[in-house]
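The following exercises are to be worked with the sequence and the three-dimensional model at hand. Each task is followed by a stepwise solution.

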Amino acid sequence: MAAWVLLALAPVAAGAMLGFASYYGDHMVLQKEPAGAVVWGYGEPGAAVTVALSGDGGLVVMKKTVQVKGPSGTWTTVLDPMDQGGPYALTAAQGLENVTLRDIYFGDVWLCSGQSNMAMTVLQIANASQELAAAARYPYVRVFAAAPARSDVELEDLERIDLPWSVPTAENLGHGNFTYFSAVCWLLGRYLYEALRYPVGLVEAAWGGTPIEAWSSRRALRACGLPEDAGSISPHQHLSGPQTPSVLWNAMIHPLLNMTLRGVAWYQGEANAFLHTDRYNCTFPALITDWRRAFHAGSAGQTEPLLPFGFVQLSTYRRQSPDDSFARLRWHQTADLGVVPNARMPGTFMAVAMDLCDERSPYGSIHPRDKQNVAHRLHLGARAVAYGEKDLVFQGPYPTRAVLEVTRGLLNLTYSQELVRRQRDTRAFEVCCSGQPSPCGWLPAPVVAVESRTVTLALAGCGTLVLGLRYAWAEWPCEYESCALYNTRGLPAPPFLLDALPVGEIPGHPETAGGRELLLLPGSWFSRGI
């Protein structure tokens, strides 16, 4: 399908050619109010370019005149905020030349990025034929895909495009394996459209087998004290994509910074379960902060500073692996705090996916085919965090209190929501009973009972020394949709790693009549001796 590939930098080489930047085109969605959409392109340095937006009948509703900057030969303007809807035509004119883009709509624009689980197309997922057939019902969810590209320097525009802005069809949603269009991105956009009932634009920029360092700017790497040079990451056999720091930021994200966005969806982390796993609690929050700052600045302040950022927590890989790198990476995805949004990751939301395993996936078990549940959980977070929908349950239950019944050898956990027990798994909960801080002696803590919001665990062999508690701490924690705990909406309780500190030893916190209360804190010192 070479016809889809556009050489986006042709106007730069020509210098005087009038045109829009690579990711503007017929059928596109521009960001609606309250933000103004940024529009930019190329022209003759020093010349004036007039940008006009006209309605379906040809009536001009907005006109902006800007000067082409030299020596870059680029012009940029910010449209006045527009209500959702369309279609519109967008024309850039310079002297006797003009270029017109048609079938333009205003709505919300979401960027989808990450590695192969984001790049998996609609063709590859469960019920693919039905999902592809449904494409025609969503003509106002528009799709665009940047081609995989790398660069040692920050680029101003995309070098290549896999899919220009398009109305969705079975062909362009299921072009091939790991190409376009991203199933998670498409389903997220489709579910958001069903909730919002106005146009949604989806921009895919993903590349399989890539670590977070490749998607991070030099600024973000410096924030974590990481080296920025190309030799700082030694190639890893598990990773198929570029691993050099910043090369994907340079070629696939930096060119998009002028775009006004509504939010970001991110599905990445498998590569970092094999590479620099324990840096992820810094590199991921740093990437989020850096992308927000860069998109806000690049859009002349139109993309909001706290750009909503959703992500998928890692799913599964190997069924009985003793390795806990996936479990550690899941924890690090929350900046070691267990749930989001949190103080280190404000304005974020997470889809838990550890219960969506797929051992028979033809693409390997690391690529589960159930992307519908992933996107559903992600869209709930988007509605709650990005769109401020009140009283919407968008995450699973999390423990808020622990009371140790020393004489009976029981630990009672109180959760934030009503609980549903799906699986009687003796290994779901484990307690740290070691007298030594490292390594921790983790023992199973079988579930004795699950009531409304309470889980009672047996502490056989642990005595009174409970130093920590963890849940679903495994690469493959449960079978499909069968982890131990969910809420009444079917959302799984996320994994956690918690320190347990006796409250009675803290001034002002006497022991309760029912036992010794434990203060639950995000896992710290003992988590490093797992």
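**Exercise 1: Backbone geometry**

Pro 71 is situated in the loop that joins strand E6 (60-67) to strand E7 (74-78); helices (H or I, at least four residues) and strands (E, at least two) are DSSP runs, numbered from the N terminus. The model is a predicted one, in which local features need pLDDT of at least 70 and side-chain atom pairs count only at pLDDT 80 or more, while totals for chains, interfaces and linings use all residues. Residues are numbered from 1 along each chain as its sequence is written, and side-chain values use heavy atoms, with hydrogens and water left out.

Task: Determine the state of the peptide bond from Gly 70 to Pro 71, and that of the bond from Gly 86 to Pro 87.

Solution.
1. The bond from Gly 70 to Pro 71 is cis, its omega being near 0 degrees.
2. The bond from Gly 86 to Pro 87 is cis, with omega near 5 degrees; Pro 87 belongs to strand E8 (residues 85-94).
3. As a background rule, most peptide bonds are trans, and most residues other than glycine have a negative phi.
4. Asp 103, although not a glycine, has a positive phi of about 60 degrees; this residue lies in strand E9 (residues 97-114).

**Exercise 2: A helix pair**

Task: Describe how helix H5 (residues 183-196) and helix H11 (residues 372-386) pack.

Solution.
1. The axes of H5 and H11 are 8 Å apart, at an angle of about 50 degrees.
2. H5 and H11 are therefore oblique to each other (angles under 35 degrees count as roughly parallel, over 145 as roughly antiparallel, 65 to 115 as roughly perpendicular and the rest as oblique).
3. The residues in contact (heavy atoms within 4.5 Å) include Leu 187 and Tyr 191 of H5 and Ala 375 and His 379 of H11.
4. This contact of H5 with H11 divides into ten nonpolar, three polar and one charged residue (Ala, Val, Leu, Ile, Met, Phe, Trp, Tyr, Cys and Pro count as nonpolar, Asp, Glu, Lys and Arg as charged, and the others, Gly among them, as polar).

Notes: Axes are lines fitted to C-alpha atoms, for helices over the stretch in contact, and angles run from 0 to 180 degrees between N-to-C directions.
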